[in-house]
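Let's take a walk through this protein chain together. Have a look at the picture first, and then we'll go through it piece by piece.

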Amino acid sequence: MSQEDAIVIKDVQKKFRVFYDKGQSFKEILLFKNRSHYEERTVLNGISLTVKKGEAIGLVGHNGCGKSTLLKLMTRILYPDNGSISINGRVSSLIELGAGFHPDMSGRENIYTNAAIFGLTKKEIDKRLNDIISFSELEEFIDNPVRTYSSGMYMRLAFSVAINVDADVLLIDEILAVGDANFQAKCFNRLQEIKASGTTIVIVSHALAQIEQICDRTVWINDGKICAEGAPRDIHPVYLEFMGKNMRDTESANLIASNNTRWGNQNIKIKEVKVLDDEGNDGKAIATGSRVTFTIDYEMVKKTENVVFGIAIYRVDGIHCYGVNTLIDGLPAITVDSDGSYSITIDKLQLLPGEYILDVSIENTDAVPVDYYKNARRFVTFSPVSDAGCFRLEHTWKIN
């Protein structure tokens, strides 16, 4: 194992036995006590994966594909039948909500026991205790038994412990879906800080947008094998195309993909994408801080209900700068029964000088893609001011 590697997985296999004909009543148990029929199911079949120190990867795949099992193998909750998993450094994990918490112990007591499981000494926990409690926002409940906590309070405490053990590797399984919106945002921001500090992160999630913002690489697992891996923006379109083809709705099966830049059932087709400056001219250069309108013309092929229109802006180096759609903004679902267009106007486009990529999308409220057009347009922004970063923020200076 190289010193640059945080996780090395070699040819891992994992099978589970699923037993049948188990009696439910006492009589059935006596009559069929010798029955031991079972099916052996292979969940992981030859997984090999290397994660570098400081790298963040996202594991995606349909339910039952093996991604959560792989994460549990990394935490040593489970062990592989064949192959090996090597991890360099201290591991912290959020696999199951409140795992390791004792319901009759207080939140404070559970902090000590849970952090000890992660390998911290009492002295180390004492040093971090106030930070853990403060992040969880449970100060007034911290000495109550955790059996009195709501699921959201469990989440706060579990996450707060996991991120304060100074782990070298952090493993997370869909846990960020629990809790209120404000705490989810707080957790998300903290994850970005942890990544910036050099911690290796592995996330199992169905929230592809979050993976794109946090992760350097997406690993797509399908039927126990790695189907594809690479930059999130390259893997996600292929994954969504595959998932669309396998949805129950037969209309979703008629997907297109052209060099992985466009996919959807094509009941509505995007025809033209315009980037209009503050004078209404369709051009490629937009002044930072000026008004811009993105207009998308479409053709109706088949009447479609519950339509959602959206855009996403990426810097040319792949940084996700902004994304929004009509559903996020609370607009009612739309019925498209004729050709038309949609547009979004940004009064002050505060993107700093550089080259940007515009993705445009049409989908329905169930996230079934109708026409997602990746790399639909490119445009540049310019400015005489040489501030740095991604966005210009309105500000004033005061010097006494």
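Which residues in α4 meet which residues in α5? On the α4 side they are I132, F135 and S136, and on the α5 side R156, L157, F159, S160 and V161. "Meet" here is a matter of contact, meaning heavy atoms within 4.5 Å.

Before going on, a word on the ground rules. This is a predicted model, where local features need pLDDT of at least 70, side-chain atom pairs count only at pLDDT 80 or more, and totals for chains, interfaces and linings use all residues. Residues are numbered from 1 along each chain as its sequence is written, and side-chain values use heavy atoms, with hydrogens and water left out.

**The whole chain**

The chain comes to 8 helices and 19 strands. Helices (H or I, at least four residues) and strands (E, at least two) are DSSP runs, numbered from the N terminus. Of the 400 residues, 43% count as buried. Buried means under 20% relative accessible area, exposed means over 50%, and partly exposed is in between (1.4 Å probe, protein chains only). Take the contacts with a separation of 6 or more: 69% of them are between residues 24 or more positions apart.

Two packed helices are described by the angle between their axes and the distance between the axes. For α4 (residues 122–136) and α5, the angle is about 140 degrees and the axes are 8 Å apart. Axes are lines fitted to C-alpha atoms, for helices over the stretch in contact, and angles run from 0 to 180 degrees between N-to-C directions. The residues of this contact divide into 5 nonpolar, 2 polar and 1 charged. In that count, Ala, Val, Leu, Ile, Met, Phe, Trp, Tyr, Cys and Pro are nonpolar, Asp, Glu, Lys and Arg are charged, and the others, Gly among them, are polar.

The largest nonpolar core has 44 residues, and I111, Y149, L157, F159 and L191 have the most contacts inside it. Helix α5 (residues 151–162) gives the most to this core, with 8 residues. There is also a second, separate core of 27 residues, which includes I270, I311, V336 and L358. A nonpolar core is a set of buried Ala, Val, Leu, Ile, Met, Phe, Trp, Tyr and Cys residues joined through side-chain atoms within 4.5 Å.

**Two open sheets**

Now for the strands, which pair if DSSP finds at least two bridges between them. Here are two open sheets side by side:

| Strand order | Number of strands | Pairing |
|---|---|---|
| β5-β6-β7-β3-β8-β9 | 6 strands | mixed |

Helix α5 lies across β5 and β6, at about 165 degrees to β5. As for α2 (residues 67–75), 7 of its 9 residues are buried: K67, T69, L70, L71, L73, M74 and T75. After α2 comes R76, whose phi is positive, near 65 degrees.

Strand β11 runs antiparallel to β13 (residues 292–300), joined by 8 bridges, and K274 stands opposite T295 in β13.

**Two residues up close**

Is D277 buried or partly exposed? D277 is partly exposed, with a relative accessible area of 21%. You'll find D277 in the loop between β11 (268–276) and β12 (285–287). Not counting residues up to four places away in sequence, D277 touches I286 and R291.

V324 sits in strand β15 (residues 320–325) and counts as buried, at 8% relative accessibility. Leaving aside neighbours within four places in sequence, V324 is in contact with G310, I311, D329 and I344. V324 and I344 are 20 residues apart in sequence, and their C-alpha atoms are 9.8 Å apart in space.
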